[in-house]
Amino acid sequence: MNHLTLALAKGRLAIQTMELFESIGITCQEMKSKSRKLIFESEERKYRFFLSKASDVPTYVEYGAADIGVAGADTLSEENRSLYEALDLGFGKCKMVVAGLPTSLERLNRGNDIRVTTKYPNIASRYFYQKRRQTVEIIKLNGSVELGAIVGLSDVIVDLVETGDTLKANGLVVLDEICDISARLVVNRVSMKMKYEQVIDLIKRLEERIYDKSI
Ligand code: PRP
C-alpha cells in the first residue's frame, strides 16, 4: 500500500499533532530524537512525516509533495492555496486581531491612510479593504510585530493573540477581532480522490478521537 505523506509545521504544532496521532496509535519514535532529520516514517510504515516551515506547508500540499498538511488557520488563510480543508484539530487556538495603543482606536475607526504592520499582509488587506472598506498602508514585518506600533512605524498591528501577555507587557490592546485560529488538517485535492480510502480512514480516526476528548 502507498504511504500517506504528511507535511507538518515544525515546532509546537508538529509536537501537538504527533501527540494526537499517538493517541490513535500512529507512532513515530524517530521524530522524537534530536537529530536534524527532516523526514520520518511511522512505525507501521503507512505514514511518512516531514517538517517544514509553517508557511511552506500549504505549498507542499497544493503541489502534491505531501498528501496531507497540518498548519494553523492563519497560515492557510495567508497563503490562500487551493486545498481541501478537512478537519479542525482543536489545538493551537488563538485569535487574529487588530491591536494598538488604546489611543489608536479613534484613528482606526476614523478612516483611511492608516499604517498597519503585520506578518500577514494578505489577511490584513482582505480585512481592511473588503470588510472595513478602508485604504491602508500595509508594511510586512517578519516577527515581533508589536514593535511596529510601539516605535511608531505603524498605527495598528494585525497579529495573533494567544494569552494576551505580549500585548499587555507592551501597553497595547485589542481593537478588533478578525477571526478565530486553530490547527487545521488539509488534503491535496488529487490525493483526496486517488487515496480516498486511506485519507478518509485517517480523518475518521482523528475525528473520533477529537470528538471523544471534547465530551
Ligand atoms: C506570536 C504572535 C505574538 C505572540 C502572541 O509571536 O505574533 O507576538 O505570539 O502570544 P501571546 O498573546 O500569548 O503573548 P511568536 O511568539 O510566534 O514570535 P514572533 O513575534 O517573533 O513571530
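Is Asp 176 buried, partly exposed or exposed, and what is its relative accessible area? Asp 176 is partly exposed, with a relative accessible area of 23%; buried means under 20% relative accessible area, exposed over 50%, and partly exposed in between (1.4 Å probe, protein chains only).

The model is predicted, so local features need pLDDT of at least 70 and side-chain atom pairs count only at pLDDT 80 or more, while totals for chains, interfaces and linings use all residues. Residues are numbered from 1 along each chain as its sequence is written, and side-chain values use heavy atoms, with hydrogens and water left out.

## Overall make-up

The chain has nine helices and eleven strands. Helices (H or I, at least four residues) and strands (E, at least two) are DSSP runs, numbered from the N terminus. The C-alpha trace spans about 60 × 40 × 35 Å along its principal axes. Of the 215 residues of the chain, 44% count as buried.

## Helix 1

Helix 1 covers residues 12–23, and at 1.5 Å a residue its twelve residues should span 16 Å; the expected span is 1.5 Å times one less than the number of residues. The end C-alpha atoms of helix 1 are 17 Å apart, which agrees. Its buried residues are Leu 13, Ala 14, Thr 17, Met 18, Leu 20 and Phe 21. Seen down the helix axis, these buried residues fall within an arc of 155 degrees, so they line one face of helix 1. The arc is that of the directions from the helix axis to the C-beta atoms. On the face turned away from the buried side, helix 1 carries the exposed residues Arg 12 and Ile 15. Gly 25 follows helix 1 and has a positive phi, near 90 degrees.

Two strands pair if DSSP finds at least two bridges between them. Strand 1 (residues 4–9) and strand 3 (residues 47–52) run parallel and are joined by six bridges. Leu 4 stands opposite Tyr 47 in strand 3. Strand 3 also pairs with strand 2 (residues 39–41), here in the antiparallel sense and over three bridges. Glu 41 has Arg 48 in strand 3 as its bridge partner. The hairpin of strand 2 and strand 3 has five residues between the strands, and in this hairpin Arg 45 takes a positive phi near 65 degrees.

## Salt bridges

Side chains of opposite charge can pair when their charged atoms come close. The structure holds 15 salt bridges, each being a side-chain nitrogen of Lys or Arg within 4 Å of a carboxyl oxygen of Asp or Glu.

| Pair | N to O distance |
|---|---|
| Lys 32 and Glu 22 | 2.6 Å |
| Lys 37 and Glu 30 | 2.5 Å |
| Arg 132 and Asp 176 | 3.5 Å |

In the salt bridge between Arg 132 and Asp 176, Arg 132 lies in the loop between helix 5 (121–131) and strand 8 (136–140) and Asp 176 in strand 10, so the pair ties together parts that are 44 residues apart in sequence. Arg 132 counts as partly exposed at 22% relative accessibility. Strand 10 comprises residues 173–181. The C-alpha atom of Asp 176 is separated by 9.1 Å from that of Leu 105, 71 residues apart along the chain.

The salt bridge of Glu 22 and Lys 32 links distant parts of the chain, with Glu 22 in helix 1 and Lys 32 in the loop between helix 1 and strand 2, ten residues apart. Glu 22 is partly exposed at 31% relative accessibility, whereas Lys 32 is exposed, with a relative accessible area of 51%.

In the pair of Lys 37 and Glu 30, Lys 37 is partly exposed with a relative accessible area of 41%, and Glu 30 counts as partly exposed at 32% relative accessibility. Elsewhere, Glu 85, Asp 88 and Arg 184 are linked in a network of salt bridges.

## A nonpolar surface patch

Leu 147, Ile 150, Val 151 and Leu 153 make a nonpolar surface patch of about 340 Å². Patches are made of residues with over 30% relative accessible area and no salt bridge; like charges are joined within 9 Å, and nonpolar side chains (Val, Leu, Ile, Met, Phe, Trp, Tyr) within 5 Å. Accessible areas come from the Shrake-Rupley method with a 1.4 Å probe, and for residues only the protein chains shown count as cover. Ile 150 lies in helix 6 (residues 146–150) and counts as partly exposed at 38% relative accessibility.
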